[in-house]
Amino acid sequence: MRRYLFILLFPFLYFSATAQPKQEVRAAWVTAVYGLDWPRTKATTPQSIRRQKEELTDILDKLKDANFNTVLFQTRTRGDVLYRSDIEPFNAILTGRAGGDPGYDPLAFAVEECHKRGMECHAWMVTIPLGNKKHVASLGKQSVTKRMKSICVPYKNEYFLNPGHPSTKEYLMKLVREVVGRYDVDGVHFDYLRYPEHAPRFPDQYDFRRLSKGRTTDQWRRDNITEIVRYIYKGVKAMKPWVKVSTCPVGKYRDTSRYSSYGWNAFFTVYQDPQGWLGEGIQDQIYPMMYFQGNSFYPFALDWQEQSNGRHIIPGLGIYFLHPDEGKWKRDEIDRQMNFIRNHGMAGQGHYRVQYLMENTQGLYDELIENFYAYPALQPPMKWLDNIAPSAPSDLKATPDEYGYTELTWRASTDNDPHNAPMYVVYASDEYPVDTRRAENIVAQNVRDTRYVYAPIRVWTAKKYFAVTAINRYGNESEAAQLAK
């Protein structure tokens, strides 16, 4: 079987990275827990508040320069948050103390700054774990373990929400409702939506006896997680149907016909059934945590794509293993994985985590900006939610100035969703008409005005012709308005 896999997969591993798709998710996790990626400065004075914000905008600038289009911004860690919540306290990483107000709203700031750069901002929320005893104690009376004891359980010196308690899904949805209702997030992204690994003694037997209705413990637990996923998905779609709902499950769903998971997988180890969620249509995107090499990566990536039900499969890549303190990976392993993802039509890649991009570990950032992500990419559409494109923009005009800048203006488009004005994609080329099928012609995306100032990097590289399309928040793109020749 291993020899068969080698023959099957090897020809695709070195597929040319220059054939860049026009639509592709390019995501990075910005990790706030322990300040791993951000923030490094505590917000305690006007100057330190400004510096903490600058640390984030520096990250976003570098992601934008490398043509990333999705930021997974950590919004909830373990029973604490990075936004103004009526339910849970601020994370101590912001100010140095639990519940300390940083003087601004980090999530609101992140959303605004991502949108300025044409990038999506997804609120990344850790769900079930609540932290160890020391962490829970630091939250005091604000901890959910004090306010809602009935849905919390201790297990191996840590606390967890109890997925088997019917009120757990309602508590999580309250948090999600705050985030989706108050902020213009493009997605909500759930992490640790699972039981602890290999937890036969997880203290849920009381609820199991009451509620299992003849199911085995394994199936009942799996159904509990699925019910939380279902409840939140439907709740988000009732509020803002365009907001993407995604989860990062364990990277191997279960054993495949191609290769074994050797007993470590989502289905049996942590009671997740993400392929069932895809089949039921209660996820828009799945970011399987595929922090593996070789045959532990490729057959399982194929399995996700084959069971996607048309939803977006975005493998999470373990780029942290490129650092000598974390692993002994060589960068060509990530190169091969990215080529494989593209070759098999997956929706994109997620990079865990952003620090290793910022530090250009083993030259990965340079490789992305010069090769894999040399051109921008639009978000893949969510046709299962909406497949109607906005009307095309009209009356496109270009006004150059003496400094080499060109002001573009156009008349607004309309969309079938009255709650969302369309955004715009600007294209430029030396050929007429501008070919809007080509990623290299994209100049800007998610423009939220009917005006854009085209500023070439160098005057002598300025393009002659322009086109503008409208795009809605489901990713449907209109026909182009071309500038008259």
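Predicted model: local features only at pLDDT ≥ 70, side-chain atom pairs only at ≥ 80, totals over all residues.
Residues are numbered from 1 along each chain as its sequence is written, and side-chain values use heavy atoms, with hydrogens and water left out.

**View 1. The largest pocket and its centre.** This pocket holds about 930 Å³ of space. Of its 32 lining residues, Glu440, Ile442, Val443, Tyr454 and Ile457 are the closest to the centre. A pocket is an open set of points on a 1 Å grid over the protein atoms alone, where a 1.4 Å probe fits, with protein on both sides within 12 Å along at least five of seven lines; lining residues have an atom within 4 Å of a point. Grid points are joined across faces, edges and corners, and the volume is the space filled by probe spheres set on the points.

**View 2. The setting of the largest pocket.** Because domain 1 (25-372) and domain 2 (394-482) both give residues to the lining, the largest pocket lies between them; the domain bounds come from an automatic or database assignment. Strand β17 (442-447) gives the most to this lining, with 4 residues. Strands (E, at least two residues) and helices (H or I, at least four) are DSSP runs, numbered from the N terminus.

**View 3. The second largest pocket.** Its volume is about 590 Å³. Among its 27 lining residues, the closest to the centre are Tyr34, Arg78, Gly131, Asn132 and Glu158. β4 (129-132), α4 (133-139) and β6 (158-161) each supply at least two lining residues.
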